[in-house]
Amino acid sequence: MSWAAHDLEPYLFRAKLGGIVSLPLCLAGSYAPDIFTKWAVYGLDFAGERKIVDDPVQLHRGWPGVGFTHSLLVWVLVAGGIYLLSRNKVWAFSFLLGAWAHVLSDTLDSVGVMVFFPFSTWNLHLDAWQYVGQAGRRVDAIAYYTSLGGVWDVLWAAWLAFHWRMFTSEHFHREIVPRDTFWVWLRTKASDTVMLTVYRASAFFGVASIIGWTLWALFINDFQNHLDWTLGGPEWAPRQGPP
Amino acid sequence: MPRPTTTRDRLAVAYWTAALLLYACLGAFFPPFLLLGFWESLPFVLIATWLAWRLLGRSARDPGPG
């Protein structure tokens with residue numbers, strides 16, 4: 001799985017593609033595949049000792065399970081529903097873009113995703129880093145941010161840093177608000193400070209997560225606190241393939 | 001072509017870099033700040049946004065209200 005990449009990818013899409021991307025809908029799509037299941041994958045505590053399900057990998061990425069949330073077709077259907085309800089092509093496209101980015105990013109771990117479900121339950125997995133979600137959030141954080149997963153997040157953050165102007169109030173009011181009816185609507189309900197907070201929060205959280213989790217994994221936590229950028233790493237993590 | 005970077009731009013970048021590092025350190029020493037998702041950071045970003053306008057003022061080119 002990917003961590004902060006899901007928070008950051010939509011901003012890059014908005015920066016590169018311009019007004020054909022609605023940032024709030026793209027972010028909603030980016031969060032959608034995990035929004036109802038991540039808590040069940042990790043269990044009820046930080047250490048991963050209070051399990052909810054016996055096989056988190058099967059639940060998260062398999063079938064039977066909710067692995068269909070990581071297929072391409074299911075989000076085409078949801079985006080179609082958004083279009084039918086809103087008649088807004090930009091919203092539907094943006095949601096689909098965010099969801100597909102999430103799905104394709106998650107192909108990089110060792111479990112992968114059922115990209116072609118329901119036509120196939122085969123998992124596309126590129127094995128750049130180990131999937132460690134079944135060990136709980138604490139161990140997953142250590143594994144992810146000391147492996148190539150952390151590098152993947154840093155790449156998105158570094159790319160976004162070149163687009164720092166998109167986070168200015170000036171850019172927000174001149175380029176973002178007039179081109180997306182979501183912001184035009186929100187302007188009637190909320191103050192300028194609230195709107196900018198909503199606009200910036202996911203990027204802020206994503207970048208802060210990368211720094212915070214990396215500091216924690218390397219300097220505060222005392223378990224496997226070293227970088228391991230080998231392909232398919234970290235080496236100490238339990239090998240976990242598709243369900 | 002992007003407009004030239006002003007002193008206010010540099011101060012704003014420094015301000016938000018400091019805010020990011022502060023939140024990241026909060027999360028490093030108390031991981032619940034980073035556990036769930038961006039909504040956890042909303043109160044912090046709201047205060048940081050409010051404070052930024054008080055400390056830095058608005059850009060002369062900012063067409064926003066206020």
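In this predicted model, A:Phe95 touches A:Leu25, A:Cys26, A:Ala28, A:Gly29, A:Val78, A:Ala79 and A:Ile82, leaving aside residues up to four places away in sequence; two residues are in contact if their C-beta atoms, placed from the backbone, lie within 7 Å. Residues are numbered from 1 along each chain as its sequence is written, while chains are lettered from A in the order in which they are written. Because the model is predicted, local features need pLDDT of at least 70 and side-chain atom pairs count only at pLDDT 80 or more, whereas totals for chains, interfaces and linings use all residues, pLDDT being the predictor's confidence in each residue, from 0 to 100.

A:Phe95 also belongs to the largest nonpolar core, which has 71 residues, and together with A:Leu8, A:Cys26 and A:Leu96 it touches the most other members. Such a core is a set of buried Ala, Val, Leu, Ile, Met, Phe, Trp, Tyr and Cys residues joined through C-beta atoms within 7 Å, where buried means that 20 or more other C-beta atoms lie within 10 Å of the residue's own. H11(A) gives the most to this core, with 15 residues; helices are DSSP runs of H or I with at least four residues, and strands are runs of E with at least two, numbered from the N terminus.

Chain B averages a pLDDT of 88, with 89% of the residues scoring at least 70.

Where the chains meet, the contact takes 28 residues from chain A and 27 residues from chain B. On the side of chain A, H11(A) gives the most, with 19 residues.

How values were computed:
A residue is buried if 20 or more other C-beta atoms lie within 10 Å of its own, exposed if 12 or fewer, and partly exposed in between; C-beta atoms are placed from the backbone.
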